[in-house]
Amino acid sequence: MGSAAAGYLNDTWTFDGTTWTKIETGTAPSARASAQMAYDRHIRQVVLFGGYDGHRDLGDTWLWDGTTSTWTQATPAHSPKAVTGPMLFTDFDGRVDEFGGFDGNLYQGTMWRWNDSDWRQLRPNTLPFARSSSAVGVNYITKQIVLFGGLGDVNPVNT
């Protein structure tokens, strides 16, 4: 995933702590950039969402199983909008959460949670300003999700 001088990529690589290895998969997400991934501890798979393929924002969800080295396209009944630059992170319950992104017209300020087969919109009392492409970290000691910066209509240079 990503882009290079030749265009958008859809190759898959794994890292064993020392060496990167390109994995040949039968099925894979389409070539794209600005997608995000996070590990879901419940299903023991990486969840990929969104991105941009050079023509449009993407709203598909893919699951990577590192045990079998396979991609599977999910078919959720509900889903966040197709966006580039969403923020995905593993929450304290081990689930993958998604926030924001840019849909080509507006920065999004919604939050969703992956529940093994579908996305469910969350409605917390407080959310950051709508944005895309932020850095997100999880502090398990203080039980805080830390989001910083990104792109947005309102100044996103905040934590």
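Guide: A salt bridge is a side-chain nitrogen of Lys or Arg within 4 Å of a carboxyl oxygen of Asp or Glu. This is a predicted model, where local features need pLDDT of at least 70, side-chain atom pairs count only at pLDDT 80 or more, and totals for chains, interfaces and linings use all residues. Residues are numbered from 1 along each chain as its sequence is written, and side-chain values use heavy atoms, with hydrogens and water left out.

Visitor: How many salt bridges does a search of the whole structure find?

Guide: Six. Take Arg-113 and Asp-91: their closest N and O atoms are 2.8 Å apart. This pair links distant parts of the chain, with Arg-113 in strand S11 and Asp-91 in the loop between S9 and S10, 22 residues apart. Strands here are DSSP runs (E, at least two residues), numbered from the N terminus.

Visitor: Which residues do salt bridges with shared partners join into one network?

Guide: Asp-91, Asp-97 and Arg-113.

Visitor: Is Asp-91 buried or exposed?

Guide: Buried means under 20% relative accessible area, exposed over 50%, and partly exposed in between (1.4 Å probe, protein chains only). Asp-91 is buried, at 4%.

Visitor: What does Asp-53 pair with?

Guide: Arg-56, with the closest N and O atoms 3.6 Å apart. Asp-53 is buried at 19%, whereas Arg-56 is exposed at 51%.

Visitor: Which residue forms a salt bridge with Lys-81?

Guide: Asp-103, at 3.5 Å between the closest N and O atoms. Asp-103 lies in the loop between strands S10 (96-99) and S11 (111-114), and Lys-81 in the loop between S8 (70-73) and S9 (87-90), so the pair ties together parts 22 residues apart in sequence. Lys-81 is partly exposed, at 49%.

Visitor: Which side chain of opposite charge is nearest to Asp-40?

Guide: For charge, Lys and Arg count as positive, Asp and Glu as negative; His and the chain ends are not counted. The nearest to Asp-40 is Arg-95, 4.1 Å away. Asp-40 is buried yet has no salt bridge. Its place is strand S5 (residues 36-40). Contact means heavy atoms within 4.5 Å. Leaving aside neighbours within four places in sequence, Asp-40 has contacts that include Gln-45, Arg-95 and Trp-114.

Visitor: Where does the largest share of the lining of the largest pocket come from?

Guide: A pocket is an open set of points on a 1 Å grid over the protein atoms alone, where a 1.4 Å probe fits, with protein on both sides within 12 Å along at least five of seven lines; lining residues have an atom within 4 Å of a point. Strand S14 (residues 144-148) gives the largest share, three residues.

Terms used. Helix = DSSP H or I, 4+ residues; strand = E, 2+ residues; numbered from the N terminus.
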